[in-house]
Amino acid sequence: MYYTNPYTYSAATIGSGLGAIINAAAAFSEGTDQIDPLEAEIERIRLHSELVINIARFCEVTIKQLLHCSTVPRRTYQRATLGQLLALDCDACRKAGQPTHDISLLGALAHHYYECLALEHCVLDHLKIVGERRKVDAAHSSAPTLNPRSAAASRADLRTLLDEVGHGLGHMADHIGTYERKFLAEVNLVIVQWPNAPTLDQLSRIPVRIRLDDSRIPPRPSSAQQDVNQLDA
């Protein structure tokens, strides 16, 4: 048996690595053993970079894992960074000469399950993850400046970072987990109802946002017909 979603394997690998990095960062920041200040600062910078990069990669791959199961064209997210998954230039409007604007692929998943407002309230937390990643990427061209001080100060700085990025990761994972649970509930409903399509009432219990003119959904009876049905019952 193997998974047909190509992002599942990457998500498992990145997730396992991220867990190890978080544990290493926590162990270092809470450690009390004697260490040379310069070595402590080098270790802080290393763990800082690994944390930020892998948190962004984990968010990217889990979002793409869900998008792969949707009708969103793969070309729009296949090479997208986390920042682009949150806000991507609308190429169709640009090519048509229309006013340019951004679209959110993560927002598209949220919209389908009526989670738009919940996601919007946490956008700043998600953008912090993007901002930290960009800082690390920018530092690749010139190594970060070492700031040797006491080992305790280096540990405290990493602890602060761990709390901040952990908060952002928790928010992002909470949203992605919500969409995944509703996605699975929707798929399960479709399978159980096969070959018939789920009714609007069944889908609304998840809830799922759909087009009322979707040909796959049986038309909802008029209010007059509903009254007749109730009388018959």
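Tyr-2 sits in the segment before helix 1 (6–30). In this predicted model, Tyr-2 is exposed, with a relative accessible area of 64%. Tyr-2 also belongs to a nonpolar surface patch, together with Tyr-3 and Tyr-9. Thr-62, by contrast, is buried.

**Surface**

- The patch formed by Tyr-2, Tyr-3 and Tyr-9 has about 410 Å² of accessible area together.
- Tyr-2 counts as exposed because its relative accessible area, 64%, lies over the 50% cut-off.
- For the protein chain, the accessible surface comes to about 14400 Å². Carbon and sulfur atoms hold 56% of that surface.

**Overall fold**

- The protein chain has 10 helices and 2 strands.
- Their order along the sequence is α-α-α-β-α-β-α-α-α-α-α-α.
- The protein chain has 233 residues, of which 35% count as buried.
- Among contacts in the protein chain with a separation of 6 or more, 68% join residues 24 or more positions apart.

**Nonpolar cores**

- The largest nonpolar core has 40 residues. Leu-51, Ile-55, Ile-63, Leu-82 and Leu-106 touch the most other members.
- Six helices are listed as supplying at least two residues each to this core: helix 1, helix 2, helix 3 (82–86), helix 5 (105–112), helix 7 (123–139) and helix 8 (151–193).
- Helix 2 gives the largest share of this core, 10 residues.
- A second, separate core has 6 residues, including Tyr-113, Phe-183, Leu-189 and Leu-203.

**Leu-51 and its contacts**

- Leaving out residues up to four places away in sequence, Leu-51 touches Leu-18, Ile-21, Ile-22 and Ala-25, among others.
- Leu-158, Leu-161 and Leu-162 are also touched by Leu-51.

- Thr-62 is placed in helix 2 (residues 37–67).
- The relative accessible area of Thr-62 is 10%. Thr-62 therefore counts as buried, since that value is under the 20% cut-off.
- The Thr-62 side chain reaches the backbone oxygen of Cys-59 at 3.1 Å.
- Beyond its neighbours within four places in sequence, Thr-62 is in contact with Ala-11 and Ile-176.

How values were computed
Residues numbered from 1 in each chain as written. Predicted model: local features only at pLDDT ≥ 70, side-chain atom pairs only at ≥ 80, totals over all residues. Heavy atoms only, no water. Helix = DSSP H or I, 4+ residues; strand = E, 2+ residues; numbered from the N terminus. Buried < 20%, exposed > 50% of the residue type's maximum accessible area, 1.4 Å probe, protein only. Polar contact = N/O pair within 3.5 Å; in protein donor to acceptor, adjacent residues only side chain to side chain. Contact = heavy atoms within 4.5 Å. Patch = residues over 30% accessible without salt bridge, like charges linked within 9 Å, V, L, I, M, F, W, Y side chains within 5 Å. Areas by Shrake-Rupley, 256 points an atom, 1.4 Å probe, with all protein chains shown as cover. Salt bridge = Lys/Arg side-chain N within 4 Å of Asp/Glu carboxyl O. Core = buried A, V, L, I, M, F, W, Y, C linked by side-chain atoms within 4.5 Å.
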